[in-house]
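Have it open while you read, and click along as you go.

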Amino acid sequence: MTDSTNVTDNVPSSATDERLLTTDGVPLKQKLAQTTRRMRMRAFMLTVPLVLFLVISFVVPIGQMLFRSVHNTAGTDVAPNFAAAIQKWNGEGLPSEEVFELFAKDIMASQKRREIGKTPGKLGTRVNYEFPGSLSLIKSAARKFKKIKEGPYKEAILKQNKKWANPTLWRTLKRVTRDYSPSFYYAALDLKYDPDENLVAADKIYQIYVSNFWKTLRLSAIITFLCFLLAFPVSYLLSTLPLATSNLLMILVLLPFWTSLLVRTTAWIAILQSKGIINNILVFIGIISDENRVQLIYNQTGTIFAMVHILLPFMILPLYSVMKTIPPSYMRAARSMGATPFTAFRRVYFPQTLPGIAAGTLLVFILAIGYYITPALVGGADGILISNLIANHIQKTLNWSLGAALGTILLVTVMVLYWIYNKLVGIDKLSFG
Amino acid sequence: MASGNTSADNAYVRFEKVQKSYDGEILVVKDLNLNIAKGEFVTMLGPSGSGKTTCLMMLAGFEPATNGEIYIGDKSINHIPPHKRGIGMVFQNYALFPHMSIGENLSFPLEVRKMNKTDSEKAVKRALDMVQMGDFINRRPAQLSGGQQQRIALARALVFEPELVLMDEPLGALDKQLRERMQYEIKHIHENLGVTIVYVTHDQSEALTMSDRIAVFNDGVIQQLSSAESLYEHPQNAFVAQFIGENNELHGIVEEIEDDTCTVKLTDGTTVKAEKVNVDNIGDKTLLSLRPERVEIDPTGKMDALLKGRIEELIYLGDHIRVRMNVAGNDEFIAKVRNRGDKRDLKEGQSINVGWAASDCKALDG
């Protein structure tokens with residue numbers, strides 16, 4: 001087979017050769033890779049800015065968020081020596097004199113340093129998440145410990161406040177001074193530690209996150225379904241009307257899309273509020289009395305109204321783009337074969353719109369599940385979604401770790417739903433237009 | 001099959017004074033009267049926008065007739081919705097349902113007719129065998145080639161045994177060779193099943209190959225309705241002569257009329273004899289139509305007309321040679337010279353005589 005590349009060779013020997021060679025004797029695959037390398041390099045270079053942008057603006061922040069949800073250094077920042085020492089404590093009774101001494105010295109040192117983010121108050125806040133009432137104890141400790149001139153520290157501290165004698169407090173301190181802990185996830189799932197360090201359901205009034213997750217899923221599903229109901233006929237109309245008319249209609253669909261989200265949402269306030277347009281009309285035509293105006297906003301109804309309106313184009317556009325590609329001859333063929341208009345629609349037209357329906361519902365549902373501004377403005381107390389709670393922790397309570405844990409759970413939920421969706425529908429069948 | 005005119009009495013499909021307008025201003029179909037006999041293969045042939053597809057859509061029920069009546073058998077079908085008309089239809093893009101297998105596509109019309117499963121399976125198999133596609137029953141339409149999809153579309157239109165089948169340019173998307181093969185197949189299926197077929201196309205060779213009768217449409221009016229042969233040999237007006245086959249045109253004025261022949265003075269002053277078709281008066285403008293293959297170059301026998309010409313261009317086409325020449329001031333005058341062993345020595349720029357029989361030269365409306 002050594003002669004297989006000889007061009008003067010009349011026998012087509014390459015048929016028996018496993019590797020195809022060029023006339024120069026170079027393996028064909030290698031040669032092909034060589035000639036297309038430049039092309040592939042150029043294609044890659046074109047994607048570099050986007051890849052960098054995604055890494056900086058997407059991968060890194062999300063990674064940080066995931067990390068922050070399990071990583072909290074409040075303990076080691078404020079009391080590094082104590083944090084190391086208490087981990088050796090077996091959790092029975094009270095820690096030893098040595099641990100008490102390190103605690104007092106660390107607290108005093110941090111009080112003296114006055115470093116932002118590393119004051120005793122920081123540790124107090126962290127402990128307070130899991131052991132309510134300990135913030136003031138630790139803050140005041142920073143002042144009171146100064147009075148302790150010499151050991152034994154344990155005795156002196158216990159004498160200052162009898163709360164220090166509670167073993168649960170020290171067990172909590174042991175837990176929160178670890179840099180890595182799953183406790184924010186437990187909090188996000190409405191769980192807490194009981195005095196014996198067992199995970200139990202949080203007190204009723206603190207159980208807000210799981211129910212809010214369910215509410216977010218439920219409202220998103222309702223919004224998605226309503227969007228589908230409203231969008232399907234409009235998309236059908238858009239795809240069948242003559243071009244001039246359908247263009248006009250398309251502009252009407254897109255007009256809200258181009259308007260500021262804030263403006264649209266506030267418009268809904270004007271329409272839905274109890275002295276708003278709808279209520280005024282209902283009172284005017286006498287359906288309801290002036291005293292019994294309907295509460296349409298600052299509750300779940302308001303959130304649903306406004307979000308259906310805002311997310312509708314995301315359903316219409318994929319549906320429209322799919323329907324546009326279904327030639328009218330399919331329906332005609334079905335009719336000519338004896339199918340009634342309804343059967344023709346159900347058996348022939350509707351199944352072909354499934355890629356658009358799948359894309360539209362996925363898009364609307366995922367957008368709805370993470371929606372923030374509209375529920376914040378029109379949701380009131382009842383109509384807020386999980387994103388509003390996350391924002392609350394990031395902006396107001398500054399419990400970033402809990403916010404990050406909630407955000408991570410939301411992310412995982414969406415990914416799981418997406419995975420199920422992919423199994424059911426097949427993501428390659430989607431058509432976003 | 002009846003090639004003469006089908007009378008209203010034995011007509012199966014009947015268009016009576018049918019008019020159609022989409023916008024209330026322009027008539028797309030103007031006063032259409034057409035009788036189609038049972039078992040006949042009628043083709044509606046015409047350029048795009050001539051109203052032929054509109055007629056088919058009115059017959060299928062997808063477009064209402066603005067005026068007039070359409071009958072199938074004795075019944076007016078104007079108010080019967082498409083799904084109750086029982087008409088099979090083949091579309092240009094095949095319209096096979098992409099989300100169903102071939103088998104499901106074919107059983108669809110049977111299913112909506114509530115046929116039981118065993119009968120339905122038999123009928124589907126029979127229809128698939130008819131188009132030699134029996135092995136493809138479990139495939140999806142997207143897995144088939146254009147020609148195969150066309151066969152399936154045909155089988156689907158026939159599987160519920162309709163008495164009338166409409167075809168809307170069904171071969172338009174196929175390449176030339178496949179198109180020709182399918183033409184024969186459709187022709188044979190028609191012969192075997194005896195169904196009535198109304199076929200729409202803009203391709204004249206398709207129409208000539210398959211049809212019993214051809215209705216040539218232009219401008220919303222049937223220009224001529226007759227067999228392929230008579231369309232070609234005896235065009236009734238200038239449009240038909242130009243639309244069907246190749247055609248040499250010579251303009252002139254009628255000088256004399258005598259029974260079926262007339263004498264025409266051409267624009268360059270020469271006079272020729274021609275068959276009178278639709279010129280009525282002396283002094284009328286006329287268009288003489290002459291098929292390229294009926295023109296003789298340097299004729300040896302006696303000819304009714306003999307004109308001088310000059311060869312402008314020769315195109316070698318294998319079985320014949322196209323000779324473009326200047327005759328009577330028209331330099332687009334074409335003659336086809338059969339490629340025989342005694343190859344004649346023709347050269348560009350050469351002066352020659354051209355001649356033809358008066359019966360081959362039709363004097364039409366100018």
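1. **Ground rules.** This is a predicted model, where local features need pLDDT of at least 70, side-chain atom pairs count only at pLDDT 80 or more, and totals for chains, interfaces and linings use all residues. Residues are numbered from 1 along each chain as its sequence is written, chains are lettered from A and ligands numbered from 1 in the order in which they are written, and side-chain values use heavy atoms, with hydrogens and water left out.

2. **Chain B overall.** Chain B has eight helices and 20 strands; these are DSSP runs (H or I, at least four residues, for helices; E, at least two, for strands), numbered from the N terminus. The C-alpha trace of chain B spans about 75 × 50 × 35 Å along its principal axes. Of its 366 residues, 50% count as buried, meaning under 20% relative accessible area, with exposed being over 50% and partly exposed in between (1.4 Å probe, protein chains only).

3. Strand E1 (residues 11-21) runs antiparallel to strand E2 (residues 27-37), and seven bridges join them; two strands pair if DSSP finds at least two bridges between them.

4. **Strand E8 of chain B.** Is E8(B) enclosed or open? Six of the six residues of strand E8 (residues 196-201) are buried, so the strand is largely enclosed by the rest of the structure. Both faces are covered: B:Thr196, B:Val198 and B:Val200 are buried on one side, and B:Ile197, B:Tyr199 and B:Thr201 on the other.

5. **Who pairs with E8(B).** Strand E3 (residues 41-45) of chain B runs parallel to E8(B), with five bridges between them; B:Met44 has B:Val200 as its bridge partner there. Strand E7 (residues 164-168) of chain B is also parallel to E8(B) and joined by five bridges, including the one between B:Val165 and B:Ile197. As a reminder, strands of a sheet pair through backbone hydrogen bonds, either parallel or antiparallel.

6. Inside it, strand E16 (residues 305-316) is joined to strand E19 (residues 351-356) by six bridges, and B:Leu306 stands opposite B:Gly355 in E19(B).

7. **B:Asn247.** This residue is in the loop between helix H8 (238-243) and strand E11 (248-258) of chain B, and B:Asn247 is buried, with a relative accessible area of 15%. Its side chain makes a polar contact with the side chain of B:Ser289 (2.5 Å). A polar atom of the B:Asn247 side chain also lies 3.5 Å from the backbone nitrogen of B:Leu290. A polar contact here is a pair of N or O atoms within 3.5 Å; within protein, one must be able to donate a hydrogen and the other to accept it, and residues adjacent in sequence count only if both atoms are side-chain atoms.

8. **The largest pocket.** It holds about 730 Å³ of space. Of the 29 lining residues, the closest to its centre are A:Tyr129, A:Glu130, A:Ala187, A:Lys192 and A:Tyr206. On a 1 Å grid over the protein atoms alone, a pocket is an open set of points with protein on both sides within 12 Å along at least five of seven lines, a cavity is a set where a 1.4 Å probe fits but cannot get out, and lining residues have an atom within 4 Å of a point. Grid points are joined across faces, edges and corners, and a volume is the space filled by probe spheres set on the points.

9. **The largest cavity.** Its volume is about 30 Å³. Helix H6 (residues 134-144) of chain A gives the largest share of the lining, four residues. Among the residues that line this cavity are A:Leu137, A:Phe145 and A:Trp164.
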